[in-house]
Amino acid sequence: MDPLKSYFGRLLQEEISPMIMVRTTPLAEDACQKNGLNFVELLLPFSSFTKLNVPVRTANDQPYRIQLFKLRLAYACDIHLQNDEVAEEHLKQVVLDANQNILPHLTSEPPELQNLLKSRPRGYIYSWAIISSSDEKKTVLFRLNPIIAPSFGCEDRSNLTSCDFLSFPMESDLCPSWIETFNKELIRTVSFSEHETFDHPVACLFVVSSKDEQPINRFVDLLNTDQFPPLLNDGVMDPKILKHYLVLHDRQDGSPDKVSNILAEMRSTFGSNCKFLCINSAEARSDDGKDVPWMPYGSHILHRDNTARLLSREDINGVRDFMQDLSSNYIIPHMEQKIRILNQQVAATRRGFRNQIKNLWWRKGKEDAPESPDGPTYTFSSIESQIRVLADYAFMLRDYELALSNYRLLSTDYKLDKAWKRYAGVQEMTGLCSFMLDQSRKDSDYCMETAFTTYLKIGSSSQRNASRCGLWWAEMLKARGQYKDAANIYFRISNEEPSLHAAVMLEQASYCYLLSIPPMLRKYGFHLVLSGNRYYISDQRHHAIRAYRNALFVYRENGWSYISDHVHYNVGRWYSFIGVLDLAIKHMLEVLACSHQSLATQNVFLNEFFHVVQSMGKKFEVYNLRLPVINMASLKVFYEDFRTYASPSDVHVSENLWQSLEEELVPSATTSRSNWLDSQMKSSSRRNNDSAVCVVGEAVVVELEFQNPLQVAVPISEISLICSSSLNTPPPDGDFESPYNSDSSFMLSKLDVILETGETKRVEHLKLGIQLEVCPKMEGLLKITGVRWTLSDTVIGYRHFEFDMKGKQKKGRRDLSSLSTNLEFLVIKGLPKLEACIQHLPKKIFTGDLRPLLLELRNQSEFSVKNIKMKISHPRYLIPGNIEELNMDFPKYSENLESAVIKEAPATVIPNTKSFLFSFPDDAKVQGRACLTWPLWFHAGLTGKISLYVSIYYEVESCSNNMTYRILRMHHDLEILPSIDVSFNITPCKSSLHEFFVQMDIVNKTKSDSFSLHQLSSVGNMWEISALPTTLYICPVQTLLAGQALSCFFKLKDCRKNSSNEEHLSGCDLLMVSQDNKEVIDVSKSPMVEFHQFERHHQVKSSKMEAWAWKHSCFISLLHMKIYSEGLSANLTYSLFFLRYDDLLFFLTFLKGSGMLPVSVDSTSLPTVLPSLAEHFLKLFPSSIPSQSTLHIAPQLMVKLWGDLGKVDFILISKMAKTDPVIEPVERPKLLTNHTCHISISSNSPISWQMSGSRMINHDFSASFCEVGFHLRVQNCSDSVVSIRLVTYDVMPGRKHSEMAKLSDSSGNGSGWNDISLVNDIKVVSSVQGNRPKKLSMESQFPFIWCALSSTKLDLQPLSSSEIPLKICLFTPGTYDLSNYELHWELNPPERITGDLKTCTSGTVYGHPFYLTAIQLQH
Amino acid sequence: MIASVAVVGHQNNPLYLQSFTNANDALKLHHIVHCSLDVIDERVNNPKRSVSTLNESYLGLLYPTESYKVYGYLSNTKAKFLVVTTDLDVKDADIRSFFRRFHAAYVDAVSNPFHVPEKKIVSRTFAQRVSGIVKAFAAGTNG
């Protein structure tokens, strides 16, 4: 770019131009003042010429033409260095003037980056291209300007692949125009200094009015040098300057005739430099100057009222002609001439080798001269001053070559003289010349740098000069496109200037960063902030706001909250200072949620905010107020349609859980939906399918999480929902929905909270879930749109629920449609609603606790409900009782041995694995405003935490709505603590085939509670408990302290033989208490027996299936559809299976019965009839499944019937010892029952045997040997056929004892403790077990001989017994141990189950000791 | 002495910024770090960058102000590491080794499976390690 045509080039041409000194008489000024102008102002518009076209010849002989030319005019009295204070005031005024203009901008939106970068360029076209060069794959921005583009390394255009042109902003678009003015004014403050001559007047213009008396004398007065500026009088500049004389004639004072006389007189006195100018020829007009001819020239001063009223077109032309004449005919020739003269002088004294040597020599001699800050003084006649004048004149006449050479010449001189200020001035001009000549950048930069630093070095006196130099330098760099460097210069200037000036400089620096390539946005922002800060310091709040606002978009970048908070906060504060409160609040809002700031800062922010809001004087509504933080993802809506909830916590239970619980409960078709096609049809056919249903008078609850991000507690009041509602019924005028007056159609809850801070010790902040309610009062549509709250009683915030968030959980709704529809409710008319609670249900319960509870159903509405049904998720824990039990005293009611009648368990008890359905009797209706109570039984079966779910179904009587039923859901979480743990180990009694020893191990697992043992019962009439003969009570103590373990022993008698096939639950009880409380609790009564069923069922589940299925006869392999019957017993067991097609699980129920089956089946025919049998059973009973059968899901497809042989169930009943006063009476358990089921009586051999015969014989051995006969009764305890081989030994094999020991060890692990016990309990147990007496081995004293057979083999059918006759021969009297026989047994199932059954199928057992004493018969 | 260290994510979002001066100059340091990002952008995108510096993570002196010097380091994942020092003459090698250790600490911190990428680093271990590195650096330059 041509430097002359750049902004800076033009600026230099304007600013460094010939100065004309003006002196006027007061009368001449008066004439001008009639137009509201002074004389200089009158001439000023015509002092610059764009097309002067004057030939100029300076030192060079070659003339050139000047087009652009400007004269500067100044009154003589103004030509002096400005006072500092005056200059400051003047500059401040410039800034203040700008204030008025920016105020409207401040209320508009701050600029965005896009707007900044896209703003249209005006005037000069700056284009940018994004170049993707194929080789580097990089994006380069460069300016498509032939001069500047090379500087960005894009000379080679050939590799451009794609160009995308963007328009880029010019500086003038960004930078407010007043800044330009400010720069100029700042530069002008250093005008007329001594060390530079371009400000020194070139000519002097003397003006005298034609009205003046004796004009010639007036001119002489004006010529008086006393009133000339000090520059001329001090000898700094040549007092012999060009003089020009002008007579000013006011046409209103008469015709210009007499002026010609004056002119002639003047010419004779002063020579030809005399002119005449006529003004005020126009008529005085009163209208506002629409067509004032002055208009185009002086718009900047036209605001004064009477400006240029009297100037006609001719006058203006006269002024213009005068100025043109002055410049082209007088000023320029004068300067040309002076240049030539000076050039000759300089050439004579300084050019040439001789002169240079001389100069050097002479300069060196002055080295020891004292150094003064300004260097030596130079008068106008000194050669240095003359060179300077020459150079400056050459510069002004555009002969930059000449100027440059002279500046260079001069700079060495000044440097040697240490005249630093002059040196700096010359360097500055050298730099400018280099720029104008478009010479090396390095040179010009170097010169400017030297000038700048030199000025600074001198000290405060030339600080402003440094600023001027810097401004020029920056402009120079900007003209070359080096914006970044320019910004640096501005920054350097700002360090030297007072804060206001620094602010302006920093602002300019920021614009430079924005214009640099690529734009440096962050530095832009930073410098704006710095600038704003300086503005604020110097009380320019408007400008401060402007700067900060412009910077805002930079910090919107993610994460730089520290800075953006600072900016927003200050902008807000300053807005409040200047009274723009709404914007102040707007910015303050941005910093409210400043969790990352320190506590003090948060306090400051909050207080300032509230202060501003209060000064606003009214409540302020803010959309999306940031405090508190609302976690929209936590939004949950709870409402009750046909589902109602007993307590708010029940709502949180997953809907699926409820639905599966209610499967059999709900009659409507909605539950039978089996595939997606179904559901779609249903939802489309629904009448108001897109909105949920709620009931008049029943609140819809919205739960929302509020969060205080600050460390300051924030009070929030009047939190409520924003709702709208409309009537559903069509009004008469035809509109379907009309907005309804919201006041009466619903009721909103209001909530006040104080959001506490997260304390200092905790980092995470407190979250607060807040439940808001809206209660519809009319039928129609209700829509929840948002939430509103009041912060600190001053600011109302509101927020609409946004519906685009995904993954939102919403309870109480089946199909998860979008939230927008979920917040719309169809309000239907009021329905009855049951409320329920379970009374006296403690949160913590000991295992085994059995207690009555009370279910209370209340109907708050007017309508009555009927057909109540209840479903309980865990019938093991909770079952409904009978209405008669309502007023009974528990546990007294159970202690009634006399009235214990044999009764069957209630038929309704279905030991189902899933849940339990209970229908209230038909007459159980709940009338309006009535209450129904129903007993429930609770038994804490298993240790751990459990959630009980109860659904109560009821139908609405006389209801016209489409909602005919409702469901009440209840949910309770309980913790069941460990109490007493019981384990049994049964070993067959050696002395009797039908008696067993039972070891009962009891451990109190509580920490501090003790229990008194009350009673031990066996279930079923097949077993009889009795104490061992030596003890009265089976248990040595009655109270079990915390942590105590106890082992008891007692006897169990098998009564199965003499019982009929009819089993019932009467059982056999053994009291364990010794003294007072003798009542025996009947375990066959209502709650106990049901719970036992469930316990038994669940305990089956936990036992090991495989061994168990093997040991007990009956199993079905469903894969082969084969079944083995229970043997040859008359009570044939039949089987039934259920097949559920959907989940392919097989349910098998075994039942005992005879009359149920139409066909007689035996073990061989059963497999073939099984399919038809199953079908038959399916038809036969869906409901009446006998209570004694157990249902089981067998994953390995093997199923076992309960109720068969060899299984004992015990119930241990204990009471809480009355020692601990801590537990409340309600919480205290009255009775604890421990159910231990399925304890096997069989040992690990399937047979038991007993030798019978005489123990003592008298025989005369002297006569003969003695033959003794015995019987060995062998019983098969197993469910399959056992083949037995009896082997007798006369001499015992040596290995017998070791094997026996091994056997007893393994049997110790075989049964007894269930596998659920904890590790430390096992320790207790094993120590108990260790005390058990081991079998003593006895050695036989004398040999005896087995007679008859030595080996017998026989097969035993299941549960049958057989007697084997044995005989021995004795030869001497003595005591004999007849245990030296072995029984080898082998199980023979008809078809062997292959695979993984681990139970042994054969084994050997050794004989029991049997002592026979033979005594010699004495005759 | 190191006045401040910072980690800035590849979208120029601050991940970690810790100042080690006692004065209340957090805002100033934030500004300085933020501004330095401009210089990093410029360095990285400069087409004139020579091949030897192209593969170099260490970016050198970014932003000399009158009282601070900012040095930069750019990882391959475009995470930027910045150090603001008050020492006006620091050996390049010292700074380089400092950045290497700083980078290693950062890598360990973000390797934590619970760290969310491009979120602020809240690890206390990382903070301790960084202050350890800073202390070591101070000891190294003084001694």
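Trainee: How many residue pairs are in polar contact across the interface of chain B and chain A?

Mentor: This is a predicted model. The rule takes pairs with both residues at pLDDT 80 or more. Across the interface of chain B and chain A, the number of such pairs in polar contact is seven.

Trainee: Which element gives the largest share of the side of chain B that touches chain A?

Mentor: Two elements of chain B give two or more residues to that side, strand S2 (14-19) and helix H1 (26-45). The largest share is 13 residues, and the element it comes from is H1(B).

Trainee: How do the residues on that side of chain B divide into nonpolar, polar and charged?

Mentor: The contact takes 26 residues from chain B and 24 residues from chain A. On the side of chain B that touches chain A, the residues divide into six charged, seven polar and 13 nonpolar.

Trainee: What area is buried between chain B and chain A?

Mentor: The size of an interface is often given as the accessible area lost when the parts come together. Carbon and sulfur atoms give 60% of the area buried between chain B and chain A. The total is about 2,300 Å².

Trainee: What pattern does chain B follow along the sequence?

Mentor: Chain B has four helices and five strands. Read along the sequence, they follow the pattern β-β-α-α-β-β-β-α-α.

Conventions:
Residues are numbered from 1 along each chain as its sequence is written. Chains are lettered from A and ligands numbered from 1 in the order in which they are written. This is a predicted model: local features need pLDDT of at least 70, side-chain atom pairs count only at pLDDT 80 or more; totals for chains, interfaces and linings use all residues. Side-chain values use heavy atoms; hydrogens and water are left out. Contact means heavy atoms within 4.5 Å. Buried area is the accessible area (1.4 Å probe) that two parts lose on being put together, summed over both. A polar contact is a pair of N or O atoms within 3.5 Å; within protein, one must be able to donate a hydrogen and the other to accept it, and residues adjacent in sequence count only if both atoms are side-chain atoms. Ala, Val, Leu, Ile, Met, Phe, Trp, Tyr, Cys and Pro count as nonpolar, Asp, Glu, Lys and Arg as charged, and the others, Gly among them, as polar.
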